[in-house]
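Here is a short report on strands, a sheet and nonpolar cores. The structure comes first, then the notes.

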Amino acid sequence: MKLIDKAEELLKDLFGYTAFRNGQKQIITQILDGKNSLGIMPTGGGKSLCYQIPALLLEGITLVISPLISLMKDQVDALNQLGIPATYLNSTVDRYEIEYRLQEIHNKQVKLVYIAPERLESFLPMIQEVEVSLVVVDEAHCISQWGHDFRPSYLSIGDIIKQLPKPTIIAALTATATAQVRQDIRDILQISDENTVLTSFQRSNLRFSVLHDQDKITFTEDYINRHPKQSGIIYCSTRKEVDSLYQYLLEKSYQVGRYHAGMSEDQREQAQEAFSYDRTPIIIATNAFGMGINKQNVRYVIHFNLPKNIESYYQEAGRAGRDGEESECILLYHGQDVRIQRFLVEQSELSQDRKKHEFQKLNTMYRYCFTQNCLQNTIIQYFDDPIETPCGKCHNCLAQEETSTKDYTIEAQKMFSCIRRMKERFGLSMVAKVLKGSKSKKVLDLALDKLSTYGILNDYTEKDIQQFGLILQSEGYIDSYTSSKNNLPLIRLTEKAIQVLKGEQNVYLRPIQTVSPSNWDKNTI
Ligand code: ADP
Ligand code: ZN
């Protein structure tokens with residue numbers, strides 16, 4: 001019997017599933033053929049099986065490197081329940097127990113060993129002695145400095161793996177990776193291009209919405225009321241905001257929990273457990289919550305604030321609907337959240353280069369928040385996935401059904417010529433001030449009121465002009481770049497804008513909406 005047939009048998013008889021999911025079979029086949037592999041699958045796509053099944057079929061042990069210490073116990077327990085011998089080594093296990101487990105490994109009494117990256121080095125002499133058939137690097141994006149969750153403890157993985165006796169197969173798995181991060185993972189772990197398995201990032205059971213300028217608390221409370229008994233995650237960008245929303249909802253007797261890095265480990269564990277078992281079906285959290293959360297029935301994820309980039313957003317939002325049921329992902333956009341995110345980057349200890357990179361990634365969030373295209377498509381396009389037909393149910397797809405586009409060519413031309421007259425050396429907020437005809441000190445000091453484009457959009461509010469600019473940016477007319485002097489985001493025109501200026505192209509957009517399309521509520525889950 002071929003190994004892959006045995007794999008199929010295990011899938012059915014041991015794990016109890018009828019068929020492999022997209023990508024699983026290919027990754028498993030490659031691993032069983034001894035090929036180093038990179039698997040990129042959306043959250044909930046079923047990455048664990050991709051190495052658990054080969055682990056059972058390969059001679060030696062399988063080492064699973066994972067940063068998710070809190071999850072190891074659960075995973076090992078689940079495997080043990082299926083009768084699969086597995087164990088884990090991390091800082092939560094005391095010295096004597098470690099000794100005992102090492103002995104077990106030595107005696108070949110286990111098939112899978114989960115290990116935290118920090119532990120790898122000290123464990124190396126030991127693994128050189130036992131036969132390791134497969135090394136799995138879970139959450140492999142953590143290895144890349146360009147990933148959104150780079151972990152220094154992952155840096156040494158590549159070197160340590162090189163010291164393992166051959167032939168050890170390497171499998172790297174992640175839910176989020178841009179082309180650059182993928183290349184990084186392949187370089188560090190010596191995986192060839194053709195052994196990369198990318199399953200579609202589309203999550204067709206998720207409905208995405210971006211709502212602008214809502215009263216966030218009212219919206220959230222109302223949403224919870226309209227979805228009683230459902231489980232949801234509400235992400236905020238700061239601990240302070242988590243605490244205040246949590247207090248507010250608690251005082252109103254909602255069953256809510258909270259989670260952030262400022263809480264003690266015990267408190268966090270309890271909060272996570274109460275959420276998992278639906279004792280508090282709603283949790284308010286910072287992004288410290290969730291990596292590796294395995295709750296299946298999360299029906300909605302609301303982002304109370306703007307996340308720092310698309311990868312984080314998709315990973316967090318993707319925690320909704322892991323069971324495949326229809327679920328909702330809502331982002332509440334407020335201009336000032338961008339400033340908070342910029343501030344968080346600015347005051348971080350990242351290098352100058354790195355900060356610049358983070359700012360650029362923050363810009364991708366703008367694109368998402370202001371695009372008029374299908375939101376699901378906007379995300380998968382970011383991950384270099386081929387575009388699918390529009391999802392037909394996101395906020396933008398619904399708005400499109402309801403509202404027709406208008407010709408904004410004249411307004412766009414005015415904005416573009418203003419950007420040009422300002423020599424493409426300013427940010428959008430200054431451009432908006434000039435177009436509005438602002439008398440702000442900075443405008444006057446720089447004599448920008450002398451430009452012929454000064455005040456030519458004064459029928460609009462400054463905020464509307466800014467929003468208009470952000471939409472034009474999303475639609476690819478304006479390009480944002482980072483000033484090398486002070487990291488401020490500046491804007492310039494793209495070729496597409498030049499064509500509009502020359503009168504060769506018209507600009508059609510839906511009117512800038514602050515209200516939701518009326519069919520949104522009707523369709524709400
Ligand atoms: P990931 O690590 O990719 O986020 P998991 O490995 O935790 O996802 O799998 C998510 C869920 O999907 C789990 O509950 C798992 O049991 C289930 N699952 C995995 N593979 C299959 C399959 N082939 N058929 C049905 N369910 C599956
Ligand atoms: Zn859509």
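Strand 15 (residues 478–482) and strand 16 (residues 489–493) pair antiparallel over five bridges. Strands are DSSP E runs of at least two residues, helices are H or I runs of at least four, and both are numbered from the N terminus. Pairing requires at least two DSSP bridges between two strands. Thr 482 stands opposite Pro 489 in strand 16. Six residues separate strand 15 and strand 16 in this hairpin, and Asn 487 in the turn has a positive phi of about 65 degrees.

This is a predicted model: local features need pLDDT of at least 70, side-chain atom pairs count only at pLDDT 80 or more, and totals for chains, interfaces and linings use all residues. Residues are numbered from 1 along each chain as its sequence is written, while chains are lettered from A and ligands numbered from 1 in the order written.

Seven strands make an open, parallel sheet in the order 3-4-2-5-6-1-7.

Strand 3 joins strand 4 (residues 112–115) through four bridges. Leu 89 has Ile 115 in strand 4 as its bridge partner.

The largest nonpolar core has 80 residues; Ile 234, Ile 283, Ile 284, Val 301 and Val 431 touch the most other members. Such a core is a set of buried Ala, Val, Leu, Ile, Met, Phe, Trp, Tyr and Cys residues joined through C-beta atoms within 7 Å. Buried means 20 or more other C-beta atoms within 10 Å of a residue's own, with C-beta atoms placed from the backbone. Apart from that core lies another, of 57 residues, including Ile 61 and Ile 115.

Notes:
Buried ≥ 20, exposed ≤ 12 C-beta atoms within 10 Å, placed from the backbone.
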